[in-house]
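Colleague: Hi! Could you walk me through this model, one piece at a time?

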Amino acid sequence: MPPALSPEHPLFGLGYVEPVRERGFTRLEGGHTDDRAPVAEEVPVAFIYNGRPHVVMMATPADLEDFAVGFSLTEEIVGSASDLSRIEVVRHAQGIELQLAIPEAAAGRLEARGRQLVGQTGCGLCGVETVAEALRPPRRLPQGRPPVPRHALWRAEAALPELQKWNQETGALHAAAWVSDAGAPEIVREDVGRHNALDKVIGGLARTGRSSEDGFLLVTSRASYEMVQKATVAGARLLAAVSRPTGLAVRLAEASGLTLVALLRGRTANVYAHPEGLTGPD
């Protein structure tokens with residue numbers, strides 16, 4: 001545990017804060033007026049496996065069990081949610097610890113990585129030390145799975161903003177969702193980090209025992225290669241993003257068999273990889 005802090009310290013009580021907190025500010029508009037508005041919090045969340053610190057991620061302090069499972073799966077620390085025999089959220093004055101128990105074989109592989117760094121809010125690599133670690137070979141997804149109805153994309157994109165309760169208040173959080181083929185976002189998570197939001201959705205999916213093949217993933221950010229990697233590890237057949245993809249994301253989606261949709265806005269979208277993963281009229 002870190003040393004105790006005085007109540008006057010700016011980090012005092014950080015591990016106990018709510019995801020959104022009202023703050024005062026001065027508005028400059030002609031003159032100036034004092035006002036208050038909700039602000040999104042970001043908190044250091046330490047992942048500790050079998051008592052050994054691995055990485056600290058800056059995250060929204062909510063849905064932390066989902067975060068623990070999703071991060072452990074998408075970083076391929078464990079192969080299934082059942083490999084996590086213990087998940088304990090420990091809050092303290094300066095942040096939050098996720099204390100996780102994994103099989104000794106997995107712990108040995110993790111120790112060999114030598115990754116004990118800090119991941120910033122926008123970090124999707126979490127401190128990898130080599131190019132080989134960053135660019136893991138893409139998983140080849142099973143072929144012949146039913147395509148996603150096109151109308152599900154339009155419905156999901158239209159429905160998601162109303163489900164982003166914290167972003168409605170703050171305008172500062174990303175969201176990710178697991179969406180049914182009917183276009184209903186059934187698992188929605190928000191976070192200051194786009195990768196964290198996706199990890200939380202994947203963790204929530206795994207914790208409920210549902211199959212990623214029964215729907216698709218939707219994110220409110222750009223489609224970067226790390227998001228594609230996480231989607232393929234989760235076994236998703238389609239990843240849709242409201243912003244643009246990167247070139248490397250397209251390459252990995254093409255190689256893995258993942259249908260990659262980007263610039264999903266209203267009733268328009270661009271399909272950058274495997275358009276056969278979509279079917280039907282609008």
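**A chat about the chain**

Modeller: Happy to! Let's begin with a pair of atoms: a polar atom in the side chain of Thr259 lies 2.8 Å from the backbone oxygen of His274. For reference, a polar contact is a pair of N or O atoms within 3.5 Å; within protein, one must be able to donate a hydrogen and the other to accept it, and residues adjacent in sequence count only if both atoms are side-chain atoms.

Colleague: Before we go on, what kind of model is this?

Modeller: It is a predicted model, where local features need pLDDT of at least 70 and side-chain atom pairs count only at pLDDT 80 or more, while totals for chains, interfaces and linings use all residues. Residues are numbered from 1 along each chain as its sequence is written, and side-chain values use heavy atoms, with hydrogens and water left out.

Colleague: Thanks! Which strand does Thr259 lie in?

Modeller: Thr259 belongs to strand E13, residues 259-265. Strands (E, at least two residues) and helices (H or I, at least four) are DSSP runs, numbered from the N terminus.

Colleague: And is Thr259 buried or exposed?

Modeller: Thr259 counts as buried because its relative accessibility is 2%. Buried means under 20% relative accessible area, exposed means over 50%, and partly exposed is in between, with a 1.4 Å probe and protein chains only.

Colleague: Which residues is Thr259 in contact with, leaving aside its neighbours within four places in sequence?

Modeller: They are Arg237, Leu238, Leu239, Val271, Ala273, His274 and Gly277. Contact here means heavy atoms within 4.5 Å.

Colleague: Let's switch to helices. How many residues of H7 are buried?

Modeller: Nine of nine, so H7 (residues 225-233) is mostly covered. Among them are Tyr225, Glu226, Lys230 and Val233. Gly235 follows H7, and its phi is positive, near 85°.

Colleague: How many are buried in H1?

Modeller: In H1, ten of its eleven residues are buried, including Leu64, Phe67, Phe71 and Thr74. H1 is followed by Glu76, with a positive phi near 55°.

Colleague: Where is Glu76 found?

Modeller: Glu76 sits in the loop between helix H1 (64-74) and strand E5 (86-92). It is partly exposed, because its relative accessible area is 28%.

Colleague: What about the phi of Asn50?

Modeller: Phi of Asn50 is near 50°, which is positive in a residue other than glycine. Asn50 is placed in the loop between strand E3 (43-49) and strand E4 (52-59). At 32% relative accessibility, Asn50 counts as partly exposed.

Colleague: Zooming out, how many helices and strands does the chain have?

Modeller: There are eight helices and 15 strands in the chain. The radius of gyration is 20 Å, close to the 19 Å that the globule rule gives for 282 residues, so the chain is as compact as a globular protein of that length. That radius is taken over C-alpha atoms, and the globule rule is 2.2 Å times the number of residues to the power 0.38.

Colleague: How much of the chain is made up of buried residues?

Modeller: Buried residues account for 51% of the 282 residues. As for contacts between residues at least 6 apart in sequence, 56% join residues at least 24 apart. And the C-alpha atoms fill a box of roughly 60 × 60 × 35 Å, taken along the principal axes.
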